[in-house]
Amino acid sequence: MNQHTFTKHSESLAGYIVIASGALLVAFVIVLWLLLNDAESEPVRSTDEQAGSSAKIETGTENTVAISAAEDEEPGDEEVDSVLTPEETILNVNCRMLSGKGSAEDVAVVTLLSDESARFAVLDANGTLFGDMLPFRPHHFRIGRRPDGSVLVGFANLRLNSGKFRPPESDEPVRIYHDGHIVYETKKAKDFDIAHDGSSYFVWEPSPGRATRLIVRNMEDGTQKDIELGTGFSSYNAFSPGSHSPGYSHDSLEIMLTPAHEEAMGRGVYWFYPVGLGPLRTFSIEGVWGAVLTSSENGYLIDQPNEFTWGETGDGWKISRRKIDPSTGNSEALWSRTLKDDHLSSFIRLSQNGKWMGVSGREFTVFDTETGEIVFTYPEVAYRATLFDRLKPVLPENATIADVGDFRGIYFVNNALVTHRSRGNTDPCNTKPGEQYDNTKWRECVKELRMQGRYRTYYDVFELDNIELDSSPSYRTEVYRESNCMPTQTDWRGLLNLDGELAYRPQIRIED
(Lines give C-alpha, C1' and ligand atoms only; values in the text may rest on other atoms or scores of the structure.)
Protein backbone atom coordinates (compact mmCIF):
# COMPACT_ATOMS: atom_id res chain seq x y z
CA MET A 1 0.00 0.00 0.00
CA ASN A 2 1.47 3.34 -1.04
CA GLN A 3 0.73 6.88 0.04
CA HIS A 4 -2.30 7.08 -2.27
CA THR A 5 -4.20 4.44 -0.34
CA PHE A 6 -6.14 4.68 2.88
CA THR A 7 -4.56 3.94 6.26
CA LYS A 8 -6.68 2.37 8.96
CA HIS A 9 -6.15 3.83 12.45
CA SER A 10 -8.62 2.09 14.72
CA GLU A 11 -11.70 -0.02 14.71
CA SER A 12 -12.85 0.18 18.27
CA LEU A 13 -15.80 1.94 19.79
CA ALA A 14 -16.72 1.98 23.44
CA GLY A 15 -19.91 0.14 24.35
CA TYR A 16 -22.96 2.00 25.44
CA ILE A 17 -24.93 1.68 28.68
CA VAL A 18 -28.57 0.84 28.18
CA ILE A 19 -30.87 2.84 30.49
CA ALA A 20 -34.43 1.65 30.95
CA SER A 21 -36.67 4.66 31.45
CA GLY A 22 -39.91 4.83 33.40
CA ALA A 23 -42.01 7.78 34.41
CA LEU A 24 -40.61 8.21 37.96
CA LEU A 25 -37.04 7.58 36.93
CA VAL A 26 -37.27 10.08 34.06
CA ALA A 27 -38.58 12.78 36.39
CA PHE A 28 -35.74 12.12 38.86
CA VAL A 29 -33.09 12.17 36.12
CA ILE A 30 -34.45 15.45 34.74
CA VAL A 31 -34.17 17.20 38.11
CA LEU A 32 -30.74 15.74 38.83
CA TRP A 33 -29.44 16.64 35.38
CA LEU A 34 -30.63 20.24 35.64
CA LEU A 35 -28.89 20.61 39.01
CA LEU A 36 -25.60 18.94 38.20
CA ASN A 37 -24.95 19.36 34.47
CA ASP A 38 -22.34 22.05 33.78
CA ALA A 39 -22.41 21.77 29.98
CA GLU A 40 -23.18 24.84 27.87
CA SER A 41 -26.25 23.20 26.30
CA GLU A 42 -29.59 22.22 27.77
CA PRO A 43 -30.99 19.82 25.18
CA VAL A 44 -34.44 18.28 25.25
CA ARG A 45 -34.39 14.90 23.50
CA SER A 46 -37.75 13.20 23.10
CA THR A 47 -38.58 9.86 21.56
CA ASP A 48 -40.45 9.38 18.33
CA GLU A 49 -44.15 9.10 19.08
CA GLN A 50 -44.17 5.67 17.42
CA ALA A 51 -41.60 4.39 19.94
CA GLY A 52 -43.90 5.02 22.91
CA SER A 53 -43.12 6.44 26.33
CA SER A 54 -40.46 3.89 27.29
CA ALA A 55 -38.18 3.84 24.27
CA LYS A 56 -34.69 2.50 24.97
CA ILE A 57 -31.87 5.06 25.16
CA GLU A 58 -28.24 4.09 24.61
CA THR A 59 -25.79 6.52 26.11
CA GLY A 60 -22.20 6.94 27.14
CA THR A 61 -22.89 9.94 29.39
CA GLU A 62 -25.17 10.89 32.26
CA ASN A 63 -26.71 13.81 30.41
CA THR A 64 -29.40 12.13 28.30
CA VAL A 65 -33.04 12.87 29.11
CA ALA A 66 -35.85 10.92 27.42
CA ILE A 67 -39.31 12.47 27.26
CA SER A 68 -42.28 10.61 25.84
CA ALA A 69 -44.05 12.02 22.83
CA ALA A 70 -47.17 12.41 24.95
CA GLU A 71 -45.31 15.13 26.85
CA ASP A 72 -44.29 17.00 23.70
CA GLU A 73 -45.90 20.33 23.12
CA GLU A 74 -48.00 20.23 19.99
CA PRO A 75 -47.50 23.10 17.53
CA GLY A 76 -51.18 23.94 17.83
CA ASP A 77 -50.93 24.46 21.59
CA GLU A 78 -49.69 28.02 21.00
CA GLU A 79 -52.50 28.68 18.49
CA VAL A 80 -49.98 29.60 15.82
CA ASP A 81 -51.38 30.15 12.34
CA SER A 82 -48.85 28.01 10.51
CA VAL A 83 -50.80 27.80 7.25
CA LEU A 84 -48.86 29.88 4.76
CA THR A 85 -50.70 31.19 1.71
CA PRO A 86 -49.52 31.55 -1.91
CA GLU A 87 -49.97 35.32 -1.70
CA GLU A 88 -47.60 35.78 1.25
CA THR A 89 -44.90 33.36 0.13
CA ILE A 90 -44.37 33.07 -3.64
CA LEU A 91 -41.63 35.54 -4.66
CA ASN A 92 -41.68 37.18 -1.22
CA VAL A 93 -38.12 38.39 -0.55
CA ASN A 94 -38.49 37.38 3.13
CA CYS A 95 -39.47 33.84 2.19
CA ARG A 96 -37.12 30.86 2.05
CA MET A 97 -37.79 27.45 0.50
CA LEU A 98 -35.70 24.30 0.76
CA SER A 99 -36.64 21.12 -1.07
CA GLY A 100 -35.63 17.67 0.12
CA LYS A 101 -33.31 15.17 -1.50
CA GLY A 102 -33.56 11.46 -2.17
CA SER A 103 -36.55 10.02 -0.31
CA ALA A 104 -37.58 13.57 0.64
CA GLU A 105 -37.38 15.11 -2.84
CA ASP A 106 -41.17 15.53 -3.00
CA VAL A 107 -41.21 17.67 0.19
CA ALA A 108 -40.29 21.30 0.79
CA VAL A 109 -40.09 23.48 3.88
CA VAL A 110 -41.08 27.13 3.47
CA THR A 111 -40.28 29.79 6.07
CA LEU A 112 -41.39 33.39 6.44
CA LEU A 113 -38.65 35.24 8.30
CA SER A 114 -38.87 38.08 10.79
CA ASP A 115 -36.00 39.63 12.75
CA GLU A 116 -36.06 37.15 15.63
CA SER A 117 -38.43 34.35 14.59
CA ALA A 118 -39.99 32.52 11.66
CA ARG A 119 -43.20 30.78 10.64
CA PHE A 120 -42.79 27.61 8.65
CA ALA A 121 -44.86 25.09 6.75
CA VAL A 122 -43.87 21.66 5.43
CA LEU A 123 -45.44 21.01 2.01
CA ASP A 124 -45.86 18.34 -0.59
CA ALA A 125 -47.87 18.21 -3.82
CA ASN A 126 -51.14 18.02 -1.86
CA GLY A 127 -50.53 21.07 0.32
CA THR A 128 -49.46 21.71 3.92
CA LEU A 129 -48.45 18.72 6.07
CA PHE A 130 -47.73 20.69 9.26
CA GLY A 131 -46.22 23.96 10.46
CA ASP A 132 -45.27 25.97 13.52
CA MET A 133 -43.60 29.15 14.79
CA LEU A 134 -39.86 29.09 15.53
CA PRO A 135 -38.50 31.31 18.36
CA PHE A 136 -35.37 32.05 16.31
CA ARG A 137 -34.48 32.99 12.74
CA PRO A 138 -33.16 29.81 11.05
CA HIS A 139 -30.48 29.70 8.39
CA HIS A 140 -29.83 25.93 8.48
CA PHE A 141 -32.54 23.49 7.28
CA ARG A 142 -32.74 19.72 6.83
CA ILE A 143 -35.52 17.39 5.61
CA GLY A 144 -36.09 13.63 5.72
CA ARG A 145 -39.08 11.50 4.73
CA ARG A 146 -39.72 8.05 6.15
CA PRO A 147 -41.19 5.08 4.22
CA ASP A 148 -44.56 5.64 5.98
CA GLY A 149 -44.69 9.15 4.49
CA SER A 150 -44.01 10.98 7.76
CA VAL A 151 -41.55 13.88 7.63
CA LEU A 152 -38.64 14.99 9.81
CA VAL A 153 -37.59 18.60 9.44
CA GLY A 154 -34.90 20.46 11.36
CA PHE A 155 -33.96 24.12 11.81
CA ALA A 156 -30.91 25.78 13.34
CA ASN A 157 -29.34 29.17 13.95
CA LEU A 158 -25.66 28.31 14.39
CA ARG A 159 -23.18 31.01 15.36
CA LEU A 160 -20.40 30.02 12.97
CA ASN A 161 -22.84 29.82 10.05
CA SER A 162 -24.73 33.02 10.77
CA GLY A 163 -22.98 35.25 8.21
CA LYS A 164 -22.19 37.87 10.82
CA PHE A 165 -20.14 37.94 14.01
CA ARG A 166 -21.76 36.59 17.14
CA PRO A 167 -19.87 36.08 20.43
CA PRO A 168 -19.17 32.52 21.64
CA GLU A 169 -21.78 32.76 24.40
CA SER A 170 -24.58 33.31 21.86
CA ASP A 171 -27.40 30.79 21.67
CA GLU A 172 -27.08 28.33 18.80
CA PRO A 173 -30.51 26.68 18.80
CA VAL A 174 -31.61 23.55 16.97
CA ARG A 175 -35.16 22.22 16.77
CA ILE A 176 -36.25 19.01 15.00
CA TYR A 177 -39.84 17.95 14.28
CA HIS A 178 -41.36 14.61 13.32
CA ASP A 179 -44.76 15.15 11.70
CA GLY A 180 -45.40 18.26 13.78
CA HIS A 181 -44.09 16.95 17.12
CA ILE A 182 -40.86 18.35 18.54
CA VAL A 183 -38.49 15.39 18.98
CA TYR A 184 -35.31 17.33 19.76
CA GLU A 185 -34.48 20.84 20.93
CA THR A 186 -31.43 22.59 22.36
CA LYS A 187 -30.22 26.16 22.78
CA LYS A 188 -26.60 25.26 22.06
CA ALA A 189 -25.33 23.13 19.19
CA LYS A 190 -22.52 23.12 16.65
CA ASP A 191 -24.20 21.31 13.76
CA PHE A 192 -26.86 18.75 12.87
CA ASP A 193 -28.27 16.73 9.98
CA ILE A 194 -31.22 14.49 9.11
CA ALA A 195 -30.94 11.40 6.90
CA HIS A 196 -32.90 12.00 3.69
CA ASP A 197 -34.89 8.79 4.31
CA GLY A 198 -35.77 9.87 7.86
CA SER A 199 -33.99 6.85 9.35
CA SER A 200 -32.00 8.95 11.84
CA TYR A 201 -30.74 12.37 12.79
CA PHE A 202 -27.64 13.60 14.60
CA VAL A 203 -26.66 16.72 16.53
CA TRP A 204 -23.15 17.89 17.39
CA GLU A 205 -23.31 19.47 20.87
CA PRO A 206 -20.95 21.14 23.32
CA SER A 207 -19.94 18.92 26.23
CA PRO A 208 -18.39 19.77 29.63
CA GLY A 209 -14.74 20.83 29.65
CA ARG A 210 -14.82 22.39 26.17
CA ALA A 211 -15.30 18.94 24.64
CA THR A 212 -17.97 17.93 22.13
CA ARG A 213 -20.42 15.07 21.78
CA LEU A 214 -22.32 13.50 18.92
CA ILE A 215 -25.98 12.69 19.58
CA VAL A 216 -27.27 10.01 17.17
CA ARG A 217 -30.99 9.15 17.22
CA ASN A 218 -31.97 6.00 15.29
CA MET A 219 -35.60 6.50 14.28
CA GLU A 220 -35.94 2.87 13.19
CA ASP A 221 -35.58 1.35 16.66
CA GLY A 222 -35.86 4.40 18.93
CA THR A 223 -32.32 4.10 20.30
CA GLN A 224 -29.90 6.94 20.90
CA LYS A 225 -26.12 7.18 21.25
CA ASP A 226 -24.23 9.93 23.02
CA ILE A 227 -20.67 9.74 21.69
CA GLU A 228 -18.08 11.86 23.45
CA LEU A 229 -15.68 13.28 20.84
CA GLY A 230 -13.26 14.99 23.23
CA THR A 231 -11.53 18.34 22.72
CA GLY A 232 -9.84 17.46 19.44
CA PHE A 233 -12.83 18.35 17.28
CA SER A 234 -14.07 21.77 16.31
CA SER A 235 -16.98 22.70 14.08
CA TYR A 236 -16.29 22.93 10.38
CA ASN A 237 -16.28 26.71 9.88
CA ALA A 238 -13.39 27.11 12.30
CA PHE A 239 -11.03 26.14 9.43
CA SER A 240 -8.31 25.24 11.89
CA PRO A 241 -6.29 22.07 12.48
CA GLY A 242 -8.64 19.42 13.83
CA SER A 243 -11.81 21.00 12.42
CA HIS A 244 -14.22 18.54 10.83
CA SER A 245 -17.46 18.75 8.86
CA PRO A 246 -20.18 16.28 9.94
CA GLY A 247 -22.49 14.63 7.44
CA TYR A 248 -24.07 11.39 6.36
CA SER A 249 -22.52 8.71 4.19
CA HIS A 250 -24.18 8.29 0.82
CA ASP A 251 -26.33 5.41 2.15
CA SER A 252 -27.20 7.26 5.41
CA LEU A 253 -25.87 4.32 7.46
CA GLU A 254 -22.82 6.19 8.82
CA ILE A 255 -22.07 9.64 10.16
CA MET A 256 -18.84 10.98 8.71
CA LEU A 257 -16.58 13.56 10.32
CA THR A 258 -14.66 14.89 7.32
CA PRO A 259 -11.44 16.97 7.48
CA ALA A 260 -12.42 20.60 6.97
CA HIS A 261 -9.46 22.82 7.75
CA GLU A 262 -8.76 25.55 5.23
CA GLU A 263 -6.48 23.51 2.96
CA ALA A 264 -7.87 20.03 3.62
CA MET A 265 -9.19 19.24 0.10
CA GLY A 266 -10.35 15.92 1.53
CA ARG A 267 -6.97 15.07 3.03
CA GLY A 268 -6.62 14.04 6.65
CA VAL A 269 -8.38 11.73 9.10
CA TYR A 270 -12.00 10.66 8.56
CA TRP A 271 -14.15 9.27 11.36
CA PHE A 272 -17.14 7.01 10.62
CA TYR A 273 -19.75 6.36 13.31
CA PRO A 274 -22.44 3.78 12.41
CA VAL A 275 -26.03 4.82 13.01
CA GLY A 276 -26.84 1.24 14.05
CA LEU A 277 -24.55 -1.47 15.30
CA GLY A 278 -20.92 -1.65 14.24
CA PRO A 279 -17.45 -0.37 15.08
CA LEU A 280 -15.97 3.09 14.75
CA ARG A 281 -13.82 3.28 11.61
CA THR A 282 -11.13 5.85 10.92
CA PHE A 283 -9.04 6.37 7.80
CA SER A 284 -6.31 8.79 6.85
CA ILE A 285 -5.86 10.13 3.33
CA GLU A 286 -2.52 11.69 2.49
CA GLY A 287 -0.31 12.23 -0.54
CA VAL A 288 -3.05 13.11 -3.03
CA TRP A 289 -4.33 16.41 -4.45
CA GLY A 290 -7.91 15.88 -3.31
CA ALA A 291 -10.40 13.23 -2.22
CA VAL A 292 -14.08 12.60 -1.48
CA LEU A 293 -15.34 9.63 0.52
CA THR A 294 -18.99 8.61 0.26
CA SER A 295 -18.70 5.97 3.00
CA SER A 296 -16.07 4.00 4.90
CA GLU A 297 -15.99 1.60 1.94
CA ASN A 298 -15.98 3.90 -1.11
CA GLY A 299 -14.08 6.99 -2.21
CA TYR A 300 -12.73 9.05 -5.12
CA LEU A 301 -9.19 10.46 -5.43
CA ILE A 302 -7.60 13.13 -7.63
CA ASP A 303 -3.83 13.20 -7.98
CA GLN A 304 -1.32 14.91 -10.24
CA PRO A 305 1.72 12.61 -10.46
CA ASN A 306 3.71 15.07 -12.57
CA GLU A 307 3.37 18.81 -13.09
CA PHE A 308 2.48 19.56 -16.68
CA THR A 309 1.60 22.47 -18.94
CA TRP A 310 -1.36 22.38 -21.28
CA GLY A 311 -0.33 21.06 -24.70
CA GLU A 312 2.64 19.13 -23.34
CA THR A 313 2.75 15.39 -23.02
CA GLY A 314 2.48 14.09 -19.49
CA ASP A 315 0.45 12.02 -17.11
CA GLY A 316 -2.07 14.77 -16.36
CA TRP A 317 -4.59 14.36 -13.54
CA LYS A 318 -5.26 10.87 -12.25
CA ILE A 319 -8.86 10.34 -11.15
CA SER A 320 -9.82 7.04 -9.56
CA ARG A 321 -12.55 5.29 -7.65
CA ARG A 322 -11.33 3.25 -4.68
CA LYS A 323 -12.92 0.34 -2.84
CA ILE A 324 -11.88 0.25 0.79
CA ASP A 325 -11.58 -2.91 2.88
CA PRO A 326 -12.92 -1.88 6.32
CA SER A 327 -11.14 -4.77 8.03
CA THR A 328 -7.67 -3.62 6.96
CA GLY A 329 -8.05 -0.05 5.72
CA ASN A 330 -6.37 -0.98 2.43
CA SER A 331 -7.96 0.05 -0.85
CA GLU A 332 -7.97 -1.02 -4.47
CA ALA A 333 -8.76 0.93 -7.62
CA LEU A 334 -12.07 0.00 -9.26
CA TRP A 335 -11.10 2.26 -12.16
CA SER A 336 -8.61 4.99 -12.94
CA ARG A 337 -8.68 7.65 -15.66
CA THR A 338 -6.33 10.37 -16.87
CA LEU A 339 -7.65 13.87 -17.48
CA LYS A 340 -5.39 16.29 -19.34
CA ASP A 341 -6.63 19.66 -18.12
CA ASP A 342 -4.22 22.27 -16.78
CA HIS A 343 -7.05 24.33 -15.32
CA LEU A 344 -8.50 21.86 -12.82
CA SER A 345 -9.97 24.10 -10.16
CA SER A 346 -12.58 22.41 -8.00
CA PHE A 347 -13.44 19.53 -5.78
CA ILE A 348 -15.22 16.40 -6.99
CA ARG A 349 -18.99 16.82 -7.23
CA LEU A 350 -21.43 13.90 -7.14
CA SER A 351 -25.04 13.59 -8.23
CA GLN A 352 -27.50 12.68 -5.52
CA ASN A 353 -27.93 9.09 -6.74
CA GLY A 354 -24.14 8.61 -6.94
CA LYS A 355 -24.22 7.67 -10.64
CA TRP A 356 -22.34 10.74 -11.91
CA MET A 357 -19.17 12.53 -10.84
CA GLY A 358 -18.15 15.98 -12.10
CA VAL A 359 -14.79 17.76 -12.12
CA SER A 360 -14.28 21.42 -13.11
CA GLY A 361 -11.48 22.66 -15.36
CA ARG A 362 -11.44 24.27 -18.78
CA GLU A 363 -14.33 21.87 -19.27
CA PHE A 364 -16.74 20.43 -16.76
CA THR A 365 -16.20 16.68 -17.16
CA VAL A 366 -18.81 14.14 -16.04
CA PHE A 367 -17.81 10.52 -15.31
CA ASP A 368 -20.00 7.45 -14.95
CA THR A 369 -19.03 6.37 -11.42
CA GLU A 370 -19.52 2.65 -12.15
CA THR A 371 -17.26 2.48 -15.21
CA GLY A 372 -15.16 5.66 -15.09
CA GLU A 373 -16.28 6.50 -18.64
CA ILE A 374 -16.44 10.20 -19.55
CA VAL A 375 -20.06 10.74 -20.58
CA PHE A 376 -20.32 14.52 -20.90
CA THR A 377 -18.19 17.66 -21.22
CA TYR A 378 -19.16 21.31 -21.14
CA PRO A 379 -16.91 24.38 -21.64
CA GLU A 380 -16.40 26.36 -18.45
CA VAL A 381 -13.59 28.66 -19.61
CA ALA A 382 -15.49 29.97 -22.62
CA TYR A 383 -16.95 33.00 -24.38
CA ARG A 384 -20.62 33.34 -25.28
CA ALA A 385 -19.89 32.33 -28.87
CA THR A 386 -18.53 29.00 -27.63
CA LEU A 387 -21.77 28.27 -25.79
CA PHE A 388 -24.20 29.59 -28.40
CA ASP A 389 -24.48 26.41 -30.49
CA ARG A 390 -24.85 24.18 -27.41
CA LEU A 391 -27.67 26.33 -26.03
CA LYS A 392 -29.61 27.00 -29.24
CA PRO A 393 -32.39 24.46 -28.51
CA VAL A 394 -33.36 26.32 -25.31
CA LEU A 395 -32.77 29.91 -26.46
CA PRO A 396 -35.60 32.12 -27.80
CA GLU A 397 -36.48 31.95 -31.47
CA ASN A 398 -34.15 34.15 -33.55
CA ALA A 399 -31.80 34.38 -30.58
CA THR A 400 -28.41 36.07 -30.91
CA ILE A 401 -25.19 35.57 -28.98
CA ALA A 402 -26.35 38.28 -26.56
CA ASP A 403 -29.18 35.97 -25.45
CA VAL A 404 -26.63 33.58 -23.96
CA GLY A 405 -25.94 36.09 -21.19
CA ASP A 406 -23.28 35.44 -18.56
CA PHE A 407 -22.24 31.94 -17.54
CA ARG A 408 -22.30 31.55 -13.74
CA GLY A 409 -21.37 27.93 -13.24
CA ILE A 410 -22.38 24.31 -13.72
CA TYR A 411 -23.28 21.81 -11.01
CA PHE A 412 -25.59 18.96 -10.01
CA VAL A 413 -29.06 19.63 -8.64
CA ASN A 414 -30.34 16.30 -7.33
CA ASN A 415 -29.77 13.94 -10.26
CA ALA A 416 -29.72 16.53 -13.04
CA LEU A 417 -26.88 18.73 -14.21
CA VAL A 418 -27.63 22.43 -14.59
CA THR A 419 -25.77 25.42 -15.98
CA HIS A 420 -26.53 28.76 -14.37
CA ARG A 421 -26.77 31.85 -16.62
CA SER A 422 -27.93 35.42 -16.17
CA ARG A 423 -29.00 38.20 -18.56
CA GLY A 424 -28.75 41.84 -17.54
CA ASN A 425 -27.13 42.88 -14.27
CA THR A 426 -27.98 44.02 -10.80
CA ASP A 427 -25.74 47.10 -10.82
CA PRO A 428 -28.68 49.47 -10.11
CA CYS A 429 -29.21 47.59 -6.84
CA ASN A 430 -25.64 47.97 -5.58
CA THR A 431 -25.08 49.80 -2.32
CA LYS A 432 -24.15 53.43 -2.85
CA PRO A 433 -20.97 54.86 -1.26
CA GLY A 434 -21.64 55.65 2.38
CA GLU A 435 -24.80 53.51 2.54
CA GLN A 436 -25.13 50.40 4.69
CA TYR A 437 -25.95 47.20 2.84
CA ASP A 438 -29.58 46.11 3.28
CA ASN A 439 -30.28 42.59 2.02
CA THR A 440 -34.05 43.03 1.96
CA LYS A 441 -33.74 46.27 -0.02
CA TRP A 442 -31.37 44.55 -2.47
CA ARG A 443 -33.79 41.67 -3.02
CA GLU A 444 -36.70 44.03 -3.61
CA CYS A 445 -34.62 45.95 -6.14
CA VAL A 446 -33.68 42.76 -8.04
CA LYS A 447 -37.33 41.71 -8.05
CA GLU A 448 -38.27 45.04 -9.61
CA LEU A 449 -35.61 44.65 -12.30
CA ARG A 450 -37.03 41.23 -13.14
CA MET A 451 -40.57 42.58 -13.38
CA GLN A 452 -39.28 45.24 -15.78
CA GLY A 453 -37.60 42.55 -17.92
CA ARG A 454 -34.14 44.00 -17.26
CA TYR A 455 -32.74 40.96 -15.43
CA ARG A 456 -33.18 37.19 -15.79
CA THR A 457 -31.46 34.12 -14.32
CA TYR A 458 -31.80 30.64 -15.81
CA TYR A 459 -30.95 26.99 -15.29
CA ASP A 460 -30.21 24.96 -18.42
CA VAL A 461 -31.12 21.40 -17.40
CA PHE A 462 -29.24 18.35 -18.70
CA GLU A 463 -30.87 14.97 -17.98
CA LEU A 464 -27.91 12.65 -17.73
CA ASP A 465 -29.47 9.24 -18.33
CA ASN A 466 -29.54 9.77 -22.11
CA ILE A 467 -26.71 12.26 -22.47
CA GLU A 468 -23.91 12.40 -25.04
CA LEU A 469 -20.56 14.17 -24.80
CA ASP A 470 -21.75 17.35 -26.52
CA SER A 471 -25.49 17.23 -25.72
CA SER A 472 -27.59 20.38 -25.50
CA PRO A 473 -29.86 21.03 -22.51
CA SER A 474 -33.17 19.18 -22.27
CA TYR A 475 -34.95 22.39 -21.26
CA ARG A 476 -34.46 25.77 -19.60
CA THR A 477 -36.14 27.07 -16.46
CA GLU A 478 -36.06 30.49 -14.81
CA VAL A 479 -34.75 30.81 -11.25
CA TYR A 480 -35.06 33.74 -8.90
CA ARG A 481 -32.10 35.27 -7.12
CA GLU A 482 -34.28 37.58 -5.08
CA SER A 483 -36.40 34.82 -3.53
CA ASN A 484 -35.98 31.06 -3.58
CA CYS A 485 -39.72 30.75 -2.87
CA MET A 486 -40.08 30.54 -6.62
CA PRO A 487 -43.19 29.64 -8.60
CA THR A 488 -43.20 26.24 -10.23
CA GLN A 489 -41.89 26.07 -13.78
CA THR A 490 -42.42 23.46 -16.49
CA ASP A 491 -40.48 20.31 -15.52
CA TRP A 492 -38.98 22.08 -12.50
CA ARG A 493 -39.65 22.34 -8.78
CA GLY A 494 -41.40 25.27 -7.13
CA LEU A 495 -44.43 26.55 -5.21
CA LEU A 496 -47.91 26.72 -6.68
CA ASN A 497 -51.39 27.90 -5.86
CA LEU A 498 -53.53 24.77 -5.54
CA ASP A 499 -57.14 25.97 -5.37
CA GLY A 500 -56.11 28.80 -3.07
CA GLU A 501 -53.80 26.64 -0.94
CA LEU A 502 -49.99 26.63 -1.01
CA ALA A 503 -48.44 23.42 -2.38
CA TYR A 504 -45.07 22.23 -3.63
CA ARG A 505 -44.36 20.67 -7.00
CA PRO A 506 -41.16 18.64 -6.95
CA GLN A 507 -38.78 18.43 -9.86
CA ILE A 508 -39.97 15.79 -12.30
CA ARG A 509 -38.24 12.58 -11.27
CA ILE A 510 -35.29 11.41 -13.32
CA GLU A 511 -35.18 7.64 -13.03
CA ASP A 512 -32.19 6.13 -11.21
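Visitor: Which residues form one aromatic cluster with Phe120?
Guide: In this predicted model, the cluster consists of Phe120, Phe130, Phe141, Phe155 and Tyr177.

Visitor: And how many aromatic pairs does the structure hold?
Guide: The structure holds 19 aromatic pairs. One of them joins Phe120 and Phe155, whose ring centres are 4.5 Å apart; their planes meet at 45°, so this pair is classed as tilted.

Visitor: Why tilted?
Guide: The class follows from the angle of the planes: under 30 degrees counts as stacked and over 60 as edge-to-face, so the 45° of Phe120 and Phe155 falls to the remaining class, tilted.

Visitor: Is Phe120 buried or exposed?
Guide: Phe120 is buried, because its relative accessibility is 0%. Phe155 also has a relative accessibility of 0% and therefore counts as buried.

Visitor: What about the rings of Tyr378 and Phe462?
Guide: Their centres lie 5.6 Å apart and their planes are at 70°, so Tyr378 and Phe462 make an edge-to-face pair. This pair, too, links distant parts of the chain: Tyr378 is in strand 29 (residues 374–379) and Phe462 in strand 32 (residues 456–463), 84 residues apart. Tyr378 is buried at a relative accessible area of 0%, and Phe462 is buried at 1%.

Visitor: Which residue lies over the face of Tyr458?
Guide: Arg476 does, at 4.2 Å from the ring centre of Tyr458.

Visitor: On to helix 3, then. Which of its residues are buried?
Guide: In helix 3 (residues 384–391), the buried residues are Leu387, Phe388, Arg390 and Leu391.

Visitor: What do they pack against?
Guide: The buried residues of helix 3 pack against strand 29, strand 30 (406–413), strand 31 (416–423) and strand 32.

Visitor: How far apart are Asp465 and Val375?
Guide: Asp465 and Val375 are 90 residues apart in sequence, while their C-alpha atoms are 9.8 Å apart in space.

Visitor: And Glu172, buried or exposed?
Guide: Glu172 has a relative accessibility of 8% and therefore counts as buried. The limit for that class is under 20%. Glu172 lies in the loop between strand 11 (151–156) and strand 12 (174–178), and its side chain makes a polar contact of 3.3 Å with the side chain of Lys188.

Visitor: New topic: what is the strand order in the open sheet of four strands?
Guide: The order is 22-23-24-25, and the pairing is antiparallel. Strand 22 (290–295) and strand 25 (331–339) are the edge strands, each pairing on one side only. From one strand to the next, the twist averages 15°.

Visitor: How many bridges join strand 24 to strand 25?
Guide: Eight bridges join strand 24 (residues 317–324) to strand 25, and the two run antiparallel. As an example, Lys318 has Thr338 in strand 25 as its bridge partner.

Methods
Residues numbered from 1 in each chain as written. Predicted model: local features only at pLDDT ≥ 70, side-chain atom pairs only at ≥ 80, totals over all residues. Heavy atoms only, no water. Buried < 20%, exposed > 50% of the residue type's maximum accessible area, 1.4 Å probe, protein only. Polar contact = N/O pair within 3.5 Å; in protein donor to acceptor, adjacent residues only side chain to side chain. Phe/Tyr/Trp six-rings, centres within 6.5 Å; stacked < 30°, edge-to-face > 60°. Lys NZ or Arg CZ within 6 Å of the ring centre and 35° of its normal. Pairing = 2+ DSSP bridges. Axes fitted to C-alpha atoms, helices over the stretch in contact; angles between N-to-C directions. Contact = heavy atoms within 4.5 Å.
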